[in-house]
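Please look at the sequence and the model below before reading on. The paragraphs after it go from the overall form to single pairs of side chains.

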Amino acid sequence: MDSKPPRNYNEDLVNMINDLKKRKDAVGKEIEMESRKRDEIQSRIDEEKMRLMHCETRLSKLQSSNEAYAKMVKEAEAAYKKIEESSQTLLHVMKRESKVIQKDLNGGV
């Protein structure tokens with residue numbers, strides 16, 4: 001004969017189900033915690049993306065301004081060079097005319 005005591009399988013089954021429920025609840029809490037962490041990280045990523053977008057916009061505007069200033073400087077330098085050349089020509093003409101006037105004043109000598 002069998003010398004093993006009779007077992008209450010129903011009680012074992014209920015205990016196993018309760019244990020599984022506790023494990024499920026524990027995993028559910030971990031899921032909630034990890035989901036909150038993920039949401040916080042995603043929120044920070046979204047904020048950083050916005051900051052990056054604003055930075056890129058500002059950088060683009062600054063680069064455009066820099067290019068405009070570079071063009072303006074180049075044009076101003078070219079205009080100044082022309083003025084300088086014109087001034088030299090004017091000075092040369094004035095000296096030449098002054099000599100002619102002085103020569104006429106001195107009686108053509």
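What follows is a walk through the fold, the surface and the charged side chains.

This is a predicted model, in which local features need pLDDT of at least 70 and side-chain atom pairs count only at pLDDT 80 or more, while totals for chains, interfaces and linings use all residues. Residues are numbered from 1 along each chain as its sequence is written, and side-chain values use heavy atoms, with hydrogens and water left out.

The protein has one helix and zero strands, where helices (H or I, at least four residues) and strands (E, at least two) are DSSP runs numbered from the N terminus. Its radius of gyration is 47 Å, well over the 13 Å that the globule rule gives for 109 residues, so the protein is more spread out than a compact globule; the radius is taken over C-alpha atoms, and the rule is 2.2 Å times the number of residues to the power 0.38. Along the principal axes, the C-alpha atoms fill a box of roughly 160 × 20 × 10 Å.

How much of such a chain is buried? Of the 109 residues, 0% count as buried, with buried meaning under 20% relative accessible area, exposed over 50%, and partly exposed in between (1.4 Å probe, protein chains only). The accessible surface comes to about 10900 Å², and 58% of this area belongs to carbon and sulfur atoms; the areas come from the Shrake-Rupley method with a 1.4 Å probe, and for residues only the protein chains shown count as cover.

Turning to charge, side chains of opposite charge can pair when their charged atoms come close. The count comes to six salt bridges, each being a side-chain nitrogen of Lys or Arg within 4 Å of a carboxyl oxygen of Asp or Glu.

One of them joins R23 to D19, with the closest N and O atoms 3.1 Å apart. Both residues lie in helix α1 (residues 9-105), four residues apart, about one turn of the helix. R23 counts as exposed at 54% relative accessibility, whereas D19 is partly exposed at 29%.

Another salt bridge is formed by the side chains of E34 and K37 (3.4 Å, N to O), which lie three residues apart in helix α1, about one turn of the helix. E34 is partly exposed at 46% relative accessibility, and K37 is partly exposed at 43%.

E48 and R51 also form a salt bridge, their closest N and O atoms being 3.1 Å apart. Because E48 and R51 are three residues apart in helix α1, about one helical turn separates them. E48 is partly exposed at 43% relative accessibility, while R51 is exposed at 57%.
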